[in-house]
Amino acid sequence: MSTTAEPAEQLLYRPEEAAKALRIGRSMVYEEIRLGRLKTVRIGRRRLVPPEYIERYVELLKSEAEATV
């Protein structure tokens, strides 16, 4: 039995963290947010990206890739 605690799953990503997770640049994340392709939530003036919105964005990219084949 392990006594070490599991790290909590990250619930919200800063745009910079989302960029790192997606392996794209920070400016590309902000462009995709501006275009409405990558959704965010706002807390005060901060824009944050929930993991499920990152997953939806990846699914969008996959469907676009399939449409061009």
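The following paragraphs describe the salt bridges of this predicted model. Local features require pLDDT of at least 70 and side-chain atom pairs count only at pLDDT 80 or more, whereas totals for chains, interfaces and linings use all residues. Residues are numbered from 1 along each chain as its sequence is written, and side-chain values use heavy atoms, with hydrogens and water left out.

Side chains of opposite charge can pair when their charged atoms come close. A salt bridge here is a side-chain nitrogen of Lys or Arg within 4 Å of a carboxyl oxygen of Asp or Glu. Six are found in the whole structure.

One of them joins glutamate 16 to arginine 26, with an N to O distance of 3.1 Å. This pair links distant parts of the chain, since glutamate 16 lies in helix α1 (residues 15-22) and arginine 26, 10 residues apart from it, in helix α2 (residues 26-35). Helices are DSSP runs of H or I with at least four residues, numbered from the N terminus. Glutamate 16 is partly exposed at 32% relative accessibility, and arginine 26 is partly exposed at 49%; the class lies between buried (under 20% relative accessible area) and exposed (over 50%), for a 1.4 Å probe and protein chains only.

Within helix α2, glutamate 31 and arginine 34 are three residues apart, and therefore separated by about one helical turn. Their closest N and O atoms are 2.8 Å apart. Glutamate 31 is partly exposed at 32%, while arginine 34 is exposed at 59%.

Helix α3 (residues 51-67) holds glutamate 59 and lysine 62, also separated by about one helical turn, with a salt bridge of 3.2 Å between the closest N and O atoms. Finally, a network of salt bridges links Glu32, Arg37 and Glu64.

How values were computed. Helix = DSSP H or I, 4+ residues; strand = E, 2+ residues; numbered from the N terminus.
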